[in-house]
Amino acid sequence: MFNFDVERFLRIQNGALSLKHDFEEAIDSIYENGIENVFFVGTGGATILMFAAEYVVKNNSSLPVYTEISSELMLMDHKHLGEKSLVILPSLSGTTKETVAAAEFCKEKGATTISLVGHANTPLANCTDYTFVNYAADDTSCESFYIQSYLLVFRLMYKRNEMPTYHQVVEEMSKLPEALVKVKEATEERAAAFAKKHKETTYHILSGTGIDWGQTYYYGMCILEEMQWIKTRPVHASDFFHGTLELVEEDTSILLFKGEDKSRALTERVERFAEHYSKDLTVFDTKDYELEGISPEVRSLVSPIVLATLLERVSCHLEEQRNHPLSTRRYYKKVPF
């Protein structure tokens, strides 16, 4: 595969999975003291990557769960944030100022805090009650964050007797890194062709739903916009027909992300419309990939991870075709804002 280190990828994703025992010990200990709700708190893409875990909890547990932007949370008087709150704060660098400040804010409220970081001895890592470190770079961080957030909420639901298949699910998750490499290999030619075709495309509509909505939003904002300076319109499949459909013309590029949960029918509705009115529809469907050893139940949970891993191949080829490194920025960490 072009510009891709398989061993490095496997090391990072297996590193995330290797935290399972430590996650279990932490959740079991916190659970003994009582948990009334869970907050995912972060900034930018790290927060968006928590949407999938939030979705899992909302649809499989009676435990209240909230995903909040760090800077906004500190300006709110959130009535549910308190001594029995579990707050999970992701930051790859461990230095995101707003998230560090939010961690201190949550601790002042008496909440228990967990940080998910890529580097030890960083401000966020040093200020939370529990810290978990798994090194990753931008091209490997999505899968790592998804795996870690899933393992945490799966264990929490298990403790609440809301996930009886916990041991089976985490066992199948262990097979995911190798399966993801095969997803990348199967996507390589298609990703190269997409990048070549769309190297000068200036605007894309992206649509997804359910557990995959966060990945849809993330890919538009954090990859195509931030890393490639391409204008996008990420729209939830349910909202597509309440505004965005009027932007569709024959040459409008539409990227549709199809997963395998109950909301799949909503993306199929967008697909039917787009096939009729646009000649530039691209569908990425997780059902197209085998994922050996992973059951239908777990497939429906890991579809955002599959989408993230195949879209990395698209990003890699866009970078090359557009002669625009994914690390290039005009403003981010360049100017004060």
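How many of the six residues of strand S6 are buried? Five of them are, so S6, residues 203-208, is largely enclosed by the rest of the structure. Keep that strand in mind. One caution before I go on: this is a predicted model.

Let me start with the sheet that holds S6. Four strands make an open sheet, in the order S7-S6-S8-S9, and the pairing is parallel. S7 and S9, residues 281-285, stand at the edges. Each of these two has a single partner strand, so one side of each is left without a neighbour in the sheet. On average, neighbouring strands here are turned by 20 degrees against each other, direction ignored.

Now the pairings. S6 meets S7, residues 231-236, in the parallel sense over six bridges. Tyr203 has Lys231 as its bridge partner in S7. On to S8 and S9: they run parallel and are joined by five bridges. Here Ile254 has Leu281 as its bridge partner in S9.

Helices pack on this sheet. Helix H9, residues 176-197, touches S6, S8 and S9. The direction of H9 makes about 155 degrees with that of S9. Helix H10 lies across S6, S7 and S8. H10 runs at about 170 degrees to S7.

One residue deserves a stop. Ser253 lies in strand S8, residues 253-258. Is Ser253 buried or exposed? With a relative accessibility of 3%, Ser253 counts as buried, because the cut-off for buried is under 20%. What does Ser253 touch, leaving out residues up to four places away in sequence? The contacts are His198, Thr201, Tyr203, His204, Ile205 and Asp280.

Look at S1 and S3. S1 covers residues 37-42, and S3 covers residues 85-91. They pair in the parallel sense over four bridges. Phe39 has Val87 as its bridge partner in S3.

Which residues of H4 are buried? They are Ala52, Ala53, Glu54, Val56 and Val57. These buried residues pack against S1, S2, H7 and helix H12, residues 296-322.

Last stop: the largest pocket. Its volume is about 1,000 Å³. How many residues line the largest pocket? There are 33, and Thr43, Thr96, Glu226, Tyr332 and Lys333 lie nearest its centre. By class, the lining has 16 nonpolar, eleven polar and six charged residues. Several elements each supply at least two lining residues. Among them are S3, helix H7 (138-159) and H10.

Technical notes:
Residues numbered from 1 in each chain as written. Predicted model: local features only at pLDDT ≥ 70, side-chain atom pairs only at ≥ 80, totals over all residues. Heavy atoms only, no water. Pairing = 2+ DSSP bridges. Buried < 20%, exposed > 50% of the residue type's maximum accessible area, 1.4 Å probe, protein only. Contact = heavy atoms within 4.5 Å. 1 Å grid on protein atoms, 1.4 Å probe; cavity = no way out; pocket = protein on both sides within 12 Å on 5 of 7 lines; lining within 4 Å. Points joined across faces, edges and corners; volume = space filled by probe spheres on them. Nonpolar A, V, L, I, M, F, W, Y, C, P; charged D, E, K, R; others polar. Axes fitted to C-alpha atoms, helices over the stretch in contact; angles between N-to-C directions.
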